[in-house]
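This report describes selected local features of one protein chain. Please keep the sequence and the structure in view while reading.

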Amino acid sequence: KPLPFFVSQTRLLFPEVGPRAVGRAGAMLDSLFIITASGGYVVERHFRGTTPRLACEPLVERLRSEEHLEGLPGVMCVNRRQALIHILREKMVFLAVVTQEEPPLAVFELLDRVYQVLLRYFGEVSEDSLRQNFSTVYLLLDEMIDSGLPFTTELNSLESIIAPPSTMGKVVQAVSGSSSHVLSDVPPDATGQGGPLSSLTSALGGSTHTQIGGGSAEGWWGRENVVLAPDEGYVDIVVSGH
């Protein structure tokens with residue numbers, strides 16, 4: 001039976017530690033699981049040790065027994081060491097396992113950001129899309145969360161590091177034997193240009209670097225083709241002698 005817990009907008013209190021543990025150094029997430037609405041595990045990523053699936057069973061059992069999943073509590077304190085925080089998106093459950101005092105709203109925001117990034121990359125977040133692009137999913141999680149803490153969560157910054165999957169990219173990889181998912185779908189040749197299939201990719205309308213949102217690959221707040229003058233300061237020094 002889940003233990004009683006108290007959730008505020010600023011922190012989640014574990015029964016045995018109380019508010020004194022708030023603010024201590026550690027990770028926001030210990031582990032991240034993506035589970036289907038029927039309780040099937042699709043993705044799991046551990047940041048601080050390995051969290052056994054047994055820790056998620058209280059929520060999984062509720063998923064299998066409840067008809068209306070929207071009514072499930074977003075935070076469950078299942079024992080004296082671990083709490084489960086989850087969101088429901090497109091019949092997929094994004095579950096975070098935490099063992100330290102963390103603001104629940106911050107964890108909700110991070111889980112929603114993970115969902116938004118996966119949605120932008122794959123068009124939909126389903127069991128099939130996650131399994132078909134599992135390598136990209138894990139690359140994104142490694143970039144977005146470092147040691148359990150949020151790291152790179154901006155869409156355009158992620159797109160500049162990890163290329164979104166495309167049908168043309170998969171065809172090029174299958175023909176060329178390339179398995180690279182970072183920066184480019186086509187490996188460069190000795191001259192630094194696109195590989196031998198770059199002309200085929202261009203002819204068929206495939207793009208090896210698709211921008212996701214915003215006007216600049218560096219950040220959504222930037223505009224294209226903007227040249228900024230360097231910051232320079234001029235000082236006149238007058239030396240006089242007597």
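A polar contact is a pair of N or O atoms within 3.5 Å; within protein, one must be able to donate a hydrogen and the other to accept it, and residues adjacent in sequence count only if both atoms are side-chain atoms. The model is predicted: local features need pLDDT of at least 70, side-chain atom pairs count only at pLDDT 80 or more, and totals for chains, interfaces and linings use all residues. Residues are numbered from 1 along each chain as its sequence is written, and side-chain values use heavy atoms, with hydrogens and water left out.

The side chain of Ser129 reaches the backbone oxygen of Glu124 at 3.1 Å. Ser129 belongs to helix 3 (residues 127–132); helices (H or I, at least four residues) and strands (E, at least two) are DSSP runs, numbered from the N terminus. With a relative accessible area of 7%, Ser129 is buried, a term meaning under 20% relative accessible area (1.4 Å probe, protein chains only).

In strand 3 (residues 31–36), 6 of the 6 residues are buried. Ser31, Phe33 and Ile35 point one way, while Leu32, Ile34 and Thr36 point the other way. In a regular strand, side chains alternate between the two faces of the sheet.

Strands pair if DSSP finds at least two bridges between them.

| Partner of strand 3 | Sense | Bridges |
|---|---|---|
| Strand 4 (residues 41–46) | antiparallel | 5 bridges |
| Strand 7 (residues 92–98) | antiparallel | 6 bridges |

Definitions and conventions:
Buried < 20%, exposed > 50% of the residue type's maximum accessible area, 1.4 Å probe, protein only.
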